[in-house]
Amino acid sequence: MTRRPIIAGNWKLNLTVPEGLSLASAVRDKCGRHRAVDVVISPPTTHLWPIVQRLADTSIAVAAQNCHASPKGAFTGETSLTTLADMGCRYVILGHSERRLYFGETDEGVAAKARSAFDHGLIPIICIGESLAQRDAGQALAVTRNQLTAALAQLEASEVAQAVIAYEPVWAIGTGRTASPAQAQEVHASIRATLSQISGAEVAQRVRIQYGGSVKPTNIRALMAQPDIDGALVGGASLTADTFARIVAFGDQ
Ligand code: PGA
């Protein structure tokens, strides 16, 4: 089964709106020709609307970095999936380790948001990953299995098939320290085995599993050569169009 690669750029809390628009235009110009790869960019919430419009006639999709599970209500400072869908966002990143670490995101919260994302027509990019202490304690596979099982608890098998899973070892995010292709593949294979237990082998074969954590033009090819790595969630290296485009072009030459 061939899964279509998906490369997403997570801009986090960076760039002004004009800077974001320039970067979106540059990504459009440099990545538009890669028809065999799904390209996604995830600007801050404030930048989403003008950037969706800037990319309107392209195949580049836009992802929000978070959302609230409720469609509306008294939730000051939050962003609804109703609005994200209406704006034209196609994906929403859920459960990023920074949200879990700094903003109290829980597995249950991620599950509720994933349910709501599908209810509003968005595809969740569900992030899971172990800390360095958990890896050193030999718990990487157990931690990611538990996070994944919890996050998918409210989804039908047909929805799981469409979801994107991002394996991001916390110790590799923004540290310049990438998991080796073999380390990443071990966890990705375990994630696919868990998906198979939850939703059946056929669904598991369809789910795209991204690797994230210090992905660069120099390591993307070796990562993508692994059988269960289907894409990347790129942080720092997505803030420069040239670098991001070289990651998207991993299959060239
Ligand atoms: P990084 O971030 O590529 O800067 O390590 C990845 C992420 O947090 O999604």
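What kind of atom of Ser-214 is 2.7 Å from an oxygen atom of the ligand?

Guide: Happy to show you! First, this is a predicted model, where local features need pLDDT of at least 70 and side-chain atom pairs count only at pLDDT 80 or more, while totals for chains, interfaces and linings use all residues. Residues are numbered from 1 along each chain as its sequence is written, and side-chain values use heavy atoms, leaving out hydrogens and water.

Now to your question: in Ser-214, a polar backbone atom is 2.7 Å from an oxygen atom of the ligand. Side chains take part too. Lys-12 places a polar side-chain atom 2.7 Å from a ligand oxygen, and an N or O atom in the side chain of Glu-168 is 2.6 Å from an oxygen atom of the ligand. Such polar contacts are pairs of N or O atoms within 3.5 Å. The ligand has 280 Å² of accessible area on its own, and the protein covers 95% of that (Shrake-Rupley method, 1.4 Å probe).

Let's step back to the whole shell. There are 13 residues around the ligand, and Lys-12, His-96, Glu-168, Gly-174 and Ser-214 come nearest; a residue counts as near if one of its heavy atoms lies within 4 Å. By class, the shell has four nonpolar, seven polar and two charged residues, with Gly counted as polar.

For context, here is the open space in the protein. The largest pocket has a volume of about 490 Å³. Pockets are open sets of points on a 1 Å grid over the protein atoms alone, with protein on both sides within 12 Å along at least five of seven lines, and lining residues have an atom within 4 Å of a point. Of the 17 residues lining this pocket, Leu-13, Gln-65, Asn-66, Arg-99 and Phe-103 lie nearest its centre. Helix α4 (residues 97-102) gives the largest share of the lining, three residues. The lining divides into six nonpolar, seven polar and four charged residues.

Searching the whole structure turns up one cavity of 30 Å³ or more, a cavity being a set of points where a 1.4 Å probe fits but cannot get out. The largest cavity has a volume of about 40 Å³. Its lining includes Arg-4, His-34, Asp-38 and Ile-60, and by class that lining has four nonpolar, three polar and two charged residues.

Definitions and conventions: Polar contact = N/O pair within 3.5 Å; in protein donor to acceptor, adjacent residues only side chain to side chain. Points joined across faces, edges and corners; volume = space filled by probe spheres on them. Helix = DSSP H or I, 4+ residues; strand = E, 2+ residues; numbered from the N terminus.
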